[in-house]
Amino acid sequence: MKHQPFSISRSYGWLMVFLIGLLAVGLSNVSSAHPMPNSVVLLNVHANRIDAEVQIPLSELQAAFGHAVNDSAAHLIDRLGPQLRAYLIQHIRPQSPDGQNWSVSIGKLAVLETQNPINGVYRELMAEVKLVPPIGQVVRQFVFYYDAVLHQVVTHKILVSVRQDWANGLLADNSPAQVGIISLDIVNNRILPLTVSLESGSIWSGFSSMVKLGTKHIAEGTDHLLFLLVLLLPAPLLVTGRSFRRFGWGHFGGVRYSLRHILLIVTAFTIGHSLTLLLGAMEWVRLPSQPVEVLIAVSILVSAIHAARPLFPGREAWVAAGFGLVHGLAFASTLANLQLDAGPMALSILGFNLGIELMQLLIIGLTIPWLMLLSRTPAYRVVRLTGAFLAAIAAIAWVIERITGQPNSLTKGIELVASFTPYGLGVLAVIALLLTWRMKRANQLPA
């Protein structure tokens with residue numbers, strides 16, 4: 001068999017194919033991180049209606065709408081708001097399975113812009129759309145006739161997903177669940193509607209999802225837990241001195257004293273944040289998020305100073321309740337943003353608060369026993385002052401970040417350290433047990 005001679009040009013050609021392939025993959029990865037020229041419909045499912053958010057690329061809309069919406073996007077809503085609403089009403093037509101038309105109304109319109117390193121500025125129209133079925137028709141089964149842009153741009157696609165469905169445990173902070181894609185049927189040369197059929201769900205699914213959300217929220221809420229734990233640092237200790245200038249933290253006050261003190265603080269904090277969680281979630285009380293977040297950081301700083309030297313001895317429960325009111329407002333914003341109806345909202349408040357309390361009690365239960373053991377040893381002064389110092393540094397970093405709106409290296413480090421909390425808890429337990437064992441052998445352990 002005769003072998004072909006080695007060809008430099010052929011090898012070079014294969015090398016070029018390989019490099020072009022790598023470049024194509026790289027470009028596809030970059031572009032996947034940015035919006036594609038497809039429309040997106042996000043459905044928020046309620047008991048008797050669907051609130052949808054429609055996102056349409058202006059570059060695609062321009063070809064179908066007949067106006068220069070992309071080339072002249074400045075003040076677009078002011079100039080063409082009524083025409084855009086009429087266009088959307090004409091091209092969004094949900095129907096019940098028996099053919100009855102749903103009511104469609106267009107709410108807020110906005111133009112969103114993002115920077116795309118490949119194509120430059122990417123603009124899209126965002127529209128809030130309310131879809132209401134006829135009386136007696138279910139909201140979870142309908143035929144979605146939607147052909148905005150697609151009636152003129154045959155390569156266009158509409159991606160339809162459920163962003164929030166409380167009864168099925170799907171919340172807006174999770175990834176949307178795709179329902180389907182509306183596109184041109186090339187074989188029949190027509191646009192086929194999308195049949196939407198959602199599972200019925202249950203109250204239990206919605207309630208349990210809110211319990212999980214509450215546990216997740218407090219587990220990831222480093223600032224909320226830090227405030228409470230630092231306030232509990234001196235709880236097992238007695239106060240020395242009879243005036244403010246002479247106040248100091250003394251020795252271990254006994255198991256009964258410690259447990260009573262800890263229970264009062266935790267209960268007061270729970271009452272405080274539960275009250276404003278209820279008021280805030282029902283939107284009876286609403287404050288801007290920035291001052292609330294700043295006050296939460298300040299509460300950590302106050303509790304850190306108190307852990308180092310008594311500021312309000314014997315009044316920790318009142319302080320916990322007062323700052324709990326502030327923390328509850330931050331909790332409430334999570335629920336208020338879900339925009340639930342009255343029934344699901346009432347159950348969500350209960351489930352979310354239950355989740356917060358369960359996770360809070362779990363973390364306290366895993367931490368306090370070791371702090372109580374350490375508080376019976378001379379080493380607890382070092383533990384208390386170190387904890388107070390680190391909490392104060394974290395609080396100051398958070399105050400700066402939340403006032404300026406700019407993250408800093410300290411807050412990033414805090415989040416990194418927080419991820420190692422389970423290991424730190426294990427080290428704390430080992431130290432507490434070791435020191436307790438040594439003092440017990442030396443008969444130096446207080447009652």
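**Exercise 1.** Find the partner of Arg402 in a salt bridge and say where the two residues sit.

*Solution.* Step 1: Arg402 pairs with Glu293, with 3.5 Å between the closest N and O atoms. Step 2: Arg402 belongs to helix H10 (residues 380–404) and Glu293 to helix H7 (residues 289–308), so distant parts of the chain, 109 residues apart, get linked (helices are DSSP runs of H or I, at least four residues, and strands are E runs of at least two, numbered from the N terminus). Step 3: Arg402 is buried at 15% relative accessible area, while Glu293 is partly exposed at 25%. Buried means under 20%, exposed over 50%, and partly exposed in between (1.4 Å probe, protein chains only).

The model is predicted: local features need pLDDT of at least 70, side-chain atom pairs 80 or more, while totals for chains, interfaces and linings use all residues. Residues are numbered from 1 along each chain as its sequence is written, and side-chain values use heavy atoms, leaving out hydrogens and water.

**Exercise 2.** Are Asp165 and Arg140 buried or exposed?

*Solution.* Step 1: their side chains form a salt bridge, 2.6 Å from N to O. Step 2: Asp165 is in strand S7 (residues 158–165) and Arg140 in the loop between strands S5 (120–132) and S6 (141–146), so the pair ties together parts 25 residues apart in sequence. Step 3: both Asp165 and Arg140 are buried.

**Exercise 3.** Which residues are linked with Arg49 in a network of salt bridges?

*Solution.* Step 1: Arg49 meets Asp51 at 3.1 Å, N to O. Step 2: the network links Arg49, Asp51 and Asp341.

Technical notes
A salt bridge is a side-chain nitrogen of Lys or Arg within 4 Å of a carboxyl oxygen of Asp or Glu.
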